[in-house]
Amino acid sequence: MKRSLLGAILVAVFALTGCGQPKDPIVVEDGWVRALPPGAKMTAGYVSITNNGDGELRMLGVSSPNFGRIEMHSVYLEDGVQQMRMVDGYKIAPGETLTLASGGDHLMMRFPRDLEQSNGQIPVSLAFRGADGELVSVESRFDLRQSAP
């Protein structure tokens, strides 16, 4: 009897452990930048961004001290040929995750500087506008990698 009561209490404690804990409204995960061959002037960056908030988010831009410019690109098919174009942002609905991945939408990272001194970690700032119009900046670090994780 004591064991079953103790078991029930432990199950309840584990089940409630995450309850009531506030989630970050914007979660940035799995960010990485493709390493560059010597002399290259651009590379691509990839990341997953989850909107845990109640309203739509709009990703407005990305910056890093290790790149002169970072553009957001969308990939689409035109006459059977894959094309890409620069976009002015990405929308992320509440509860949704935006995944920027190789072969799809991505960050075009131009004019690299001091990558060899980054220790494999690139500091990145991501700017968002919430549904209420508030501007939010999220700081992250992207891994510098030869290939996808």
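1. Asp30 is exposed, with a relative accessible area of 59%. This is a predicted model, and the value should be read as such. Asp30 sits in strand β1, residues 26–34. Its backbone deserves a look: Asp30 has a positive phi of about 60°, although it is not a glycine. Most residues other than glycine have a negative phi. Asp30 counts as exposed because its 59% is over the 50% cut-off.

2. Asn119 is another residue to check. Phi of Asn119 is near 55°, a positive value in a residue other than glycine. Asn119 lies in the loop between β8 (106–112) and β9. Asn119 is exposed, with a relative accessible area of 73%.

3. Now the overall fold. From the N terminus on, the order is α-β-β-β-β-β-β-β-β-β-β. Of the contacts with a separation of 6 or more, 66% join residues 24 or more positions apart.

4. Strand β9 (residues 121–129) pairs with β3 (residues 57–63). The two run antiparallel and are joined by five bridges.

5. The hairpin of β9 and β10 has five residues between the strands. In that hairpin, Gly133 takes a positive phi near 90°.

6. Which residues touch the most other members of the largest nonpolar core? They are Val28, Ile49, Met59, Leu107, Leu126, Phe128 and Phe142, out of 25 residues in that core. β9 gives the most to this core, with four residues. In soluble globular proteins, nonpolar side chains tend to be buried together.

7. Leaving aside neighbours within four places in sequence, Phe128 is in contact with Ile26, Ile49, Leu57, Arg58, Met59, Leu60, Ile92, Glu134, Leu135, Val136 and Val138. Two of the core residues named above, Ile49 and Met59, are among these partners. Arg58 and Glu134 are also on the contact list.

8. Last, burial and surface. Buried residues make up 32% of the 149 residues in the protein chain. The accessible surface of the protein chain comes to about 9400 Å². Carbon and sulfur atoms account for 53% of that surface.

Conventions
Residues numbered from 1 in each chain as written. Predicted model: local features only at pLDDT ≥ 70, side-chain atom pairs only at ≥ 80, totals over all residues. Heavy atoms only, no water. Pairing = 2+ DSSP bridges. Buried < 20%, exposed > 50% of the residue type's maximum accessible area, 1.4 Å probe, protein only. Core = buried A, V, L, I, M, F, W, Y, C linked by side-chain atoms within 4.5 Å. Contact = heavy atoms within 4.5 Å. Areas by Shrake-Rupley, 256 points an atom, 1.4 Å probe, with all protein chains shown as cover.
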